[in-house]
Amino acid sequence: MKRHRSFSSLFFLSLLVIIFVTFSIISAEARKTNIKRKLHKRHKGSHSSNGHTGGSHSPCPTPTPLPHYGPQGSTFDVLSFGAKGNGVSDDSEALVAAWNGACKVAGATVKIPAQLKFLIKPVTLQGPCMPDLTLQIDGTLLAPPEASSWPKSNLFQWINFKWVQNFTVKGSGIVDGQGNNWWSSSEFYDTQKKSYSKQIPGIKPTAIRFYSSNLVTVRDIRIINSPLCHLKFDNSKGIKVDNITIFSPENSPNTDGIHLQNTQDAEIQRSIIGTGDDCVSIQTGCSNIHVHHINCGPGHGISLGGLGKDKSAACVSDIIVEDISMKNTLYGARIKTWQGGIGMVKNVSFSRIQVYDVMFPIMIDQYYCDKQICKNHTGTVVISGVKFDQISGTYGMQPVHLACSNSIPCTDINLTDIQLSPSLKYRGLQQAVCWNSYGKSQGHLLPSSIDYCLRSGGGLIKRIARSHDRVCN
């Protein structure tokens, strides 16, 4: 009986110990959990007071973003590729890097930001690229200022676009060729004399050149002070130039505004061009060219040629030049060819042209020579089917000057509604000159000498002229 009572007491005591230990463990765990909750709340409160509003999903601060050196969407800003934009540092590599990146993205834009100047050494921006690429020029691109500092291997062009398609250059910015040192004597290294000497450089760069490019638009920008041509299209097709301004001083030599060569299907419109040479120059291999609503001057007018230099073949056809204003230019509507060339100029129309103190408003010159003496040759580029219509205003030297080749005359020349008066400033000659030129004059003609300037007939000559067209077909 005593043994049974002892066992019951022992069992009761053990049960109390187990209950006490279990309760102690549970209480300790509860205290730990409560402490963690309080610390968590304090941690969140400290981050909120530091300005971070990351929410309850993460107590950690937002990491500082890394610097961005790539495109933002489809815009490739040259500043993101290391350009300085101070007009002194060389930003050429940044421009090329931005171009290479944008070239791989359809609809991308290379951005030249406003209010900054970017010094760019001669570069080639090459395709083919993804379609609808744009170069947005809102700042200023500067060519190297000293002619002597240009690499000798890059004297033909400054910014060269090659093999691009579906491409646009636009913006409110300026492309400045800084050509002043190219137009006068500059210090150059003479490789033969192995010394520096003052001379006018024989080779000069074009500011912007497109080579073998299709469906190109250039609009709204300004191109100024190119060492040579300002904007050139070579071996290209589907060109549109709209609302651009081109300017260089009147005494800057060979600074054509827009120069077309071996280019078809081009439209040049609504632009202001004043240079030291042709406002628009149309060379061999060009056809289906439409030039209209241009303010031209100073300069040498709008010209076809010179064609046939060094007895070369020249083919130009289907040219329309209309709705033009020319002021203080040397020539107006002009065709010029060298002696000895072959080929043909045909289907050309100059119409609705207003001239103000233009020296020679209407000219065909088949004896063109840019030197003091040129050799006489019997061969010539044939000219047929040229219309001068509704050309009016004031002239400085001579109203009409048509000097066609002795060997093959010009045929199908039309002078219609020509109203030209001598300028009070220059008091030029009243006599129109038409040498070996066949066609007709009609409508209101002033001066009256235009009425009997052209010869009539020439049927046999037309057949001879057409035989020369085989070179171009």
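A disulfide, meaning a pair of cysteine sulfur atoms within 2.5 Å, joins Cys103 to Cys129, with an S to S distance of 2.0 Å. This pair links distant parts of the chain, 26 residues apart, with Cys103 in the loop between α2 (92-102) and β3 (109-112) and Cys129 in the loop between β5 (123-126) and β6 (133-137). The helices (H or I, at least four residues) and strands (E, at least two) are DSSP runs, numbered from the N terminus. The model is predicted, so that local features need pLDDT of at least 70 and side-chain atom pairs count only at pLDDT 80 or more, while totals for chains, interfaces and linings use all residues. Residues are numbered from 1 along each chain as its sequence is written, and side-chain values use heavy atoms, with hydrogens and water left out.

**Disulfides**

- The torsion about the S-S bond of Cys103 and Cys129 is about -100°, so this disulfide is left-handed.
- Cys103 is buried at a relative accessible area of 11%, whereas Cys129, at 21%, counts as partly exposed; buried means under 20% relative accessible area, exposed over 50%, and partly exposed in between (1.4 Å probe, protein chains only).
- Another disulfide joins Cys279 to Cys296, with 2.1 Å from S to S, and its 85° about the S-S bond makes the link right-handed.
- Both Cys279 and Cys296 are buried.
- Cys434 and Cys453 also form a disulfide, with their sulfur atoms 1.7 Å apart, and the torsion of about 110° about their S-S bond means that it is right-handed.
- The count comes to six disulfides, and with bonded cysteines counted along the chain they follow the pattern 1-2, 3-4, 5-12, 6-7, 8-9, 10-11.

**A buried aspartate**

- Asp357, which lies in strand β26 (residues 342-358), is buried yet has no salt bridge, and the nearest side chain of opposite charge, Lys425, is 5.0 Å away.
- A salt bridge requires a side-chain nitrogen of Lys or Arg within 4 Å of a carboxyl oxygen of Asp or Glu; Lys and Arg count as positive and Asp and Glu as negative, while His and the chain ends are not counted.

**Paired strands**

- Strand β16 (residues 231-234) runs parallel to strand β19 (residues 258-261), joined by four bridges, and Lys232 stands opposite His259 in β19; two strands pair if DSSP finds at least two bridges between them.
- Strand β19 also pairs in the parallel sense with strand β21 (residues 280-282) over three bridges, where Ile282 in β21 is the bridge partner of Leu260.
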